[in-house]
Amino acid sequence: MSLVPAVASGWRAGFGNALDKELGSWWRTRRWLIHLVMWPLIVGFFCFMVWADDRSRTPANGVNESVQLFFQLGGFFALIGAVLVTQGAIVGERRSGTAAWVLTKPLTRNAFVLAKLVGITFSFLMLSLVIPSLVWLVQIKLQWGQIPSLDHFYEAVGILAIHQFFFIALTLTLGTFFQHRAGVAGAALGFWIAGRILPGQLPQWLVALTPWPLVDLAPAVALWRPVPIQVWIPTLASAVLAVVCVAIALWRFGREEF
Amino acid sequence: MSDFVIRASGLSKRYKGGVTALDGLDLQVRRNSIFGFLGPNGAGKTTTIKLLLGLARPTAGSANLFGFDAERDTLEVRRRIGYLAQDPRYYDEMTARQTLRFTLKFFFEGPRPEIERRIEESLELVGLSDKADRPIRGFSGGERQRLGIAQAQISGPELLILDEPAASLDPMGRRDVLEIMNKLRAHTTIFYSTHILDDVQRVSDTVAILNHGKLVAQAPIEELLAGSGHVTFVIDLQGTVERVQDRIAALSWVASVESEAVEGGARWAVAVHDDALADEQLLRLILQDDGVRVRSFGRRRYQLEDVFMNLLEGAAA
């Protein structure tokens, strides 16, 4: 049997191959191993400190504190990680010339951007959130002899995943506008910092339409505590904003000249 | 099927700030030719290539490749093209083999052994078989260029676009690249930009010369090298040449005879109106005089450099 022309047409032309390359840059190099060790270590270390600090507390209290810590750390370190792994995805390739090279092949610009989005989102969420959450559950079980309700815990993990996805999409989009990684990372992290400063000065309804409340809502959801606003509003709003970011990225990159 | 793989009409590119990189380019590239796209640095060669590949958009005019519009049908165009950039960049963490596999999969799908066979053939063509599994980040400039040619031709494209394929190479590397181009010419059309005139003269069959974004000339290379105006014969003589010179200059089909002294004799440049008649009679007429000996005789063949400089100076005047 001989080779046949690749059949994908429209925006999908080249998507499968570009996605395979993106996934390969995570899973066929040592990158996955570094992330696989790093994220559980960060979360595990702090949760171990909670346990070691005061072993006299009740298991329920210990689990609650660990849950709080897991989501706060996940919302902080993993967010910085998401920005760092995405900042060069577009800018780096534009500056190095690899984007211009690969776009001379039968690959659409939409496929180029979407392959990056899917490759980074899947790999990063698996390595920084899904796998660490499993490791963390084992650790908590060993330390405290019990684990939080899995339904609520993974509902909260889902909320955090939406939060990370938004920042990946935002960073990718900024990469289509900026010429340097520093600008991309600075703007993305600036938006996150704004979320720590501005909400007290803005109307609550407006804050609820941003991803800013998600990091604080996630542990509350995991612990089934009352939350000040409907959880689904910022979650849905963040997903919609992420999609808007992606649409802007596709529009901007489609106009790019090399 | 059209005889031409590229037809550009009034193709222009003006950047923000008013810089005109390309100004109304009309270009036709015949199928199965090796087309040398010549011009000094900044002439607009790379801009033209980017427009053909859909990496940039024209501000006026259009380009048509294989009957497809370069801007509107860019995907269809790129399915048929292999491209080597002036300064080729790849994913440094990949090996040469991975790069070729990545490239090929944009064009074809099929059984892995067949894909690997195609990769082996390409590596062999450019002499990179022994370095196939090393990361590209350790490659020299010449090796990157070879890999560039391999990835450009691996899909068996109808058109190869090579941007300054030999510019950064040493003489051995240049020779190798030109040899590879010669091997590929049987299967594909090659459109390549360069400012190395020697290379053009060695491998091209058609040449276009670009300067300041404008086309100065486009013609088969033999036509360009023959020069314009009268055909000129160059003859080195010894002996008493003055009397013969007057006799030759008086012939009706001779336009002029210019003589200059060279070591041990004279060199004539005889411009003629009828080169066929001159081929037949000129040498015989000179030798009718016993006092004259002819050391060499032949048509003047211009070097591409002469043609190039004349055209550029003519365009500037």
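Colleague: Over how many bridges do strand S1 (residues 4-5) of chain A and S7(B) pair?
Modeller: The model is predicted: local features need pLDDT of at least 70, side-chain atom pairs count only at pLDDT 80 or more, and totals for chains, interfaces and linings use all residues. Residues are numbered from 1 along each chain as its sequence is written, while chains are lettered from A and ligands numbered from 1 in the order in which they are written. Within S7(B), B:Phe108 is the bridge partner of A:Pro5. The two strands (DSSP E runs of at least two residues; pairing requires at least two bridges) run in the antiparallel sense, and the number asked for is 2 bridges.

Colleague: Which element gives the largest share of the side of chain B that touches chain A?
Modeller: In total, 28 residues of chain B are in contact (C-beta atoms, placed from the backbone, within 7 Å) with 24 residues of chain A. Elements giving two or more residues to this side include helix H1 (45-53), strand S7 (108-109) and helix H4 (112-125) of chain B. The largest share, 5 residues, comes from H3(B).

Colleague: Which residues have the most contacts inside the largest nonpolar core?
Modeller: A nonpolar core joins buried Ala, Val, Leu, Ile, Met, Phe, Trp, Tyr and Cys residues through C-beta atoms within 7 Å, and a residue is buried if 20 or more other C-beta atoms, placed from the backbone, lie within 10 Å of its own. A:Ala218 touches A:Phe71, A:Gly75, A:Ala156, A:Ile159 and A:Leu160, not counting residues up to four places away in sequence. The largest core has 141 residues, and those with the most contacts inside it are A:Ala169, A:Ala218 and B:Ile161.

Colleague: Which residue in the turn of the hairpin formed by S1(B) and S2(B) has a positive phi?
Modeller: Strand S1 (residues 4-14) and strand S2 (residues 20-30) of chain B pair in the antiparallel sense over 7 bridges. B:Arg14 stands opposite B:Thr20 in S2(B). The hairpin has 5 residues between its strands, and the turn residue with a positive phi, about 100 degrees, is B:Gly17.

Technical notes. Buried ≥ 20, exposed ≤ 12 C-beta atoms within 10 Å, placed from the backbone. Contact = placed C-beta atoms within 7 Å. Helix = DSSP H or I, 4+ residues; strand = E, 2+ residues; numbered from the N terminus.
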